[in-house]
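Colleague: I have a new model open and would like to go through its packing with you. Could you take my questions as they come?

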Amino acid sequence: MQIALKEAEMAFKEDEVPVGALLFFEDGTYISDHNRKEKRGFFSHAEFNVLMKGKEENKDISKAILYVTLEPCLMCIGAMIEARIKGLVFGAEEPKFGGIELLKKAWNDGRYPHRFPIFQGLLKEECSEILKRFFLLKRKKN
């Protein structure tokens with residue numbers, strides 16, 4: 001998660017919403033990236049970026065754990081299901097756009113047969129703090 005936080009800092013410096021992600025593979029290798037939505041468009045969430053890089057590098061994503069500094073949105077959760085990730089770890093909760101509760105409800109309803117463990121709250125304070133700083137600066141500018 002420390003690497004994902006460094007990616008979030010890079011996003012902050014690029015005036016992007018500071019979200020970082022890391023796809024960690026069983027062999028100890030990883031792919032990291034950050035949010036690039038403002039520059040590249042709505043698909044360029046941090047999670048989507050690392051999943052796409054993993055696919056481009058022909059990595060076995062089904063054996064990878066995705067770490068992300070912020071609770072994923074529905075679009076990114078859909079990508080995780082399709083990619084068949086091994087697990088998800090995220091830091092800060094996202095009460096407005098996060099989709100974990102909807103995913104769990106779908107699983108409970110018998111939908112989406114691919115399930116993976118979810119661990120939330122890793123370095124929660126650090127992951128929340130960078131977002132608070134970013135949006136405080138945005139409000140001050142406006």
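Modeller: Gladly, and bear in mind throughout that this is a predicted model.

Colleague: Where does glutamate 9 sit?

Modeller: Glutamate 9 belongs to helix 1, and its C-alpha atom is separated by 9.7 Å from that of leucine 131, a residue 122 places away along the chain.

Colleague: Is glutamate 9 buried, partly exposed or exposed?

Modeller: Its relative accessible area is 29%, so glutamate 9 is classed as partly exposed.

Colleague: How do the axes of helix 1 and helix 6 cross?

Modeller: The axes of helix 1 and helix 6, the latter covering residues 124-141, cross at roughly 5° and come within 10 Å. That angle makes helix 1 roughly parallel to helix 6. On the helix 1 side the contact is made by Leu5, Ala8, Glu9 and Phe12, while helix 6 contributes Glu126, Cys127, Ile130, Arg133, Phe134 and Leu137.

Colleague: And by class, what is in the contact of helix 1 with helix 6?

Modeller: There are 7 nonpolar and 3 charged residues in that contact, with no polar ones.

Colleague: How many bridges join strand 3 to strand 4?

Modeller: Strand 3, residues 64-70, and strand 4, residues 87-92, run parallel and are joined by 5 bridges. As for a specific position, tyrosine 67 stands opposite valine 89 in strand 4.

Colleague: At what angle do helix 3 and helix 4 pack?

Modeller: Helix 3 (residues 46-56) and helix 4 (residues 74-83) pack at about 25°, and their axes are 9 Å apart. With that angle, helix 3 is roughly parallel to helix 4, and the crossing of the two is left-handed. Glu47, Phe48 and Leu51 of helix 3 make the contact with Cys76, Ala79, Met80 and Ala83 of helix 4. By class, these residues divide into 6 nonpolar and 1 charged, with no polar ones.

Colleague: One last topic, the backbone: what is phi of aspartate 15, and where is that residue found?

Modeller: Phi of aspartate 15 is near 65°, a positive value in a residue other than glycine. Aspartate 15 is in the loop between helix 1 (2-13) and strand 1, and at 38% relative accessibility it counts as partly exposed.

Colleague: And what about phi of tyrosine 112?

Modeller: Tyrosine 112 has a positive phi of about 55° although it is not a glycine. Tyrosine 112 lies in the loop between helix 5 and strand 5, and with a relative accessible area of 40% it is partly exposed.

Terms used:
Residues numbered from 1 in each chain as written. Predicted model: local features only at pLDDT ≥ 70, side-chain atom pairs only at ≥ 80, totals over all residues. Heavy atoms only, no water. Axes fitted to C-alpha atoms, helices over the stretch in contact; angles between N-to-C directions. Helix = DSSP H or I, 4+ residues; strand = E, 2+ residues; numbered from the N terminus. Parallel < 35°, antiparallel > 145°, perpendicular 65-115°, else oblique. Left-handed = near helix turned anticlockwise from the far one by under 90°. Contact = heavy atoms within 4.5 Å. Nonpolar A, V, L, I, M, F, W, Y, C, P; charged D, E, K, R; others polar. Pairing = 2+ DSSP bridges. Buried < 20%, exposed > 50% of the residue type's maximum accessible area, 1.4 Å probe, protein only.
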